[in-house]
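Thanks for coming, everyone. Please bring the model up on your screens, and we'll walk through it together.

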Amino acid sequence: MQFLRFAMVGGVGTLAQYAVLWLGADLLGWPAALASALGYLLGAVVNYLLNYHFTFASSKSHFEAASKFYVIAGAGWVINTGLMAMLTGVLLWNHWLAQLLVTGLCLLWNFAGSKLWAFRHPAAEQ
């Protein structure tokens with residue numbers, strides 16, 4: 001159930017990311033990796049707030065939860081941007097196909113990091 005809530009919240013962040021990808025890559029002609037990277041940053045802000053309150057109902061301070069969440073999100077940003085650069089810039093994949101694959105991989109990364117570290121409840125740490 002928690003993964004389902006995480007995926008639903010991630011869907012909102014993904015919509016933000018895909019909107020920036022569409023605007024940047026499709027309308028403005030930016031490199032897909034750049035548009036995806038900027039969209040990922042916007043999605044991360046949306047995802048933190050929704051995950052803190054809805055998915056994990058965290059009682060941690062925002063300082064602790066956000067600092068851990070953004071370490072996970074930062075690594076996810078590197079995964080996202082690196083794979084998008086490789087898939088679209090080197091292997092010449094369609095940027096939407098590449099983004100779908102990368103989104104799935106980042107979903108797994110971000111859920112594992114969020115559940116096991118960023119939003120882990122103190123009782124689960126014992």
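Let's begin with a word we need: a residue is buried if its relative accessible area is under 20%, exposed if that area is over 50%, and partly exposed in between. Keep in mind that this is a predicted model.

Now use that rule. Is lysine 60 buried or exposed? Its relative accessibility is 7%, so lysine 60 counts as buried.

Next, who is its partner? Lysine 60 forms a salt bridge with glutamate 64. The closest N and O atoms of that pair are 3.3 Å apart. Glutamate 64 has a relative accessibility of 30%, so this residue counts as partly exposed.

Glutamate 64 has a second contact. Its side chain also meets that of lysine 68 in a salt bridge, at 3.2 Å from N to O.

Lys60, Glu64 and Lys68 are linked in a network of salt bridges. How many salt bridges does the count come to? Two.

On to the helices. Two packed helices are described by the angle between their axes and the distance between the axes. Take H3 and helix H4, which covers residues 95-118. They pack at an angle of about 160°. Their axes are 9 Å apart. Angles over 145 degrees count as roughly antiparallel. So H3 and H4 are roughly antiparallel to each other. What is the hand of the crossing, left or right? H3 passes H4 in a right-handed crossing.

Last stop: the surface. There is a nonpolar patch of about 930 Å².

Let's zoom in on one member. Leucine 23 has its place in helix H1. Its relative accessibility is 41%, so leucine 23 counts as partly exposed.

Technical notes:
Residues are numbered from 1 along each chain as its sequence is written. This is a predicted model: local features need pLDDT of at least 70, side-chain atom pairs count only at pLDDT 80 or more; totals for chains, interfaces and linings use all residues. Side-chain values use heavy atoms; hydrogens and water are left out. Patches are made of residues with over 30% relative accessible area and no salt bridge: like charges are joined within 9 Å, nonpolar side chains (Val, Leu, Ile, Met, Phe, Trp, Tyr) within 5 Å. Accessible areas come from the Shrake-Rupley method with a 1.4 Å probe; for residues, only the protein chains shown count as cover. A salt bridge is a side-chain nitrogen of Lys or Arg within 4 Å of a carboxyl oxygen of Asp or Glu. Helices (H or I, at least four residues) and strands (E, at least two) are DSSP runs, numbered from the N terminus. Buried means under 20% relative accessible area, exposed over 50%, partly exposed in between (1.4 Å probe, protein chains only). Axes are lines fitted to C-alpha atoms, for helices over the stretch in contact, and angles run from 0 to 180 degrees between N-to-C directions. Angles under 35 degrees count as roughly parallel, over 145 as roughly antiparallel, 65 to 115 as roughly perpendicular and the rest as oblique. A crossing is left-handed if the near helix is turned anticlockwise from the far one by less than a right angle, and right-handed if clockwise.
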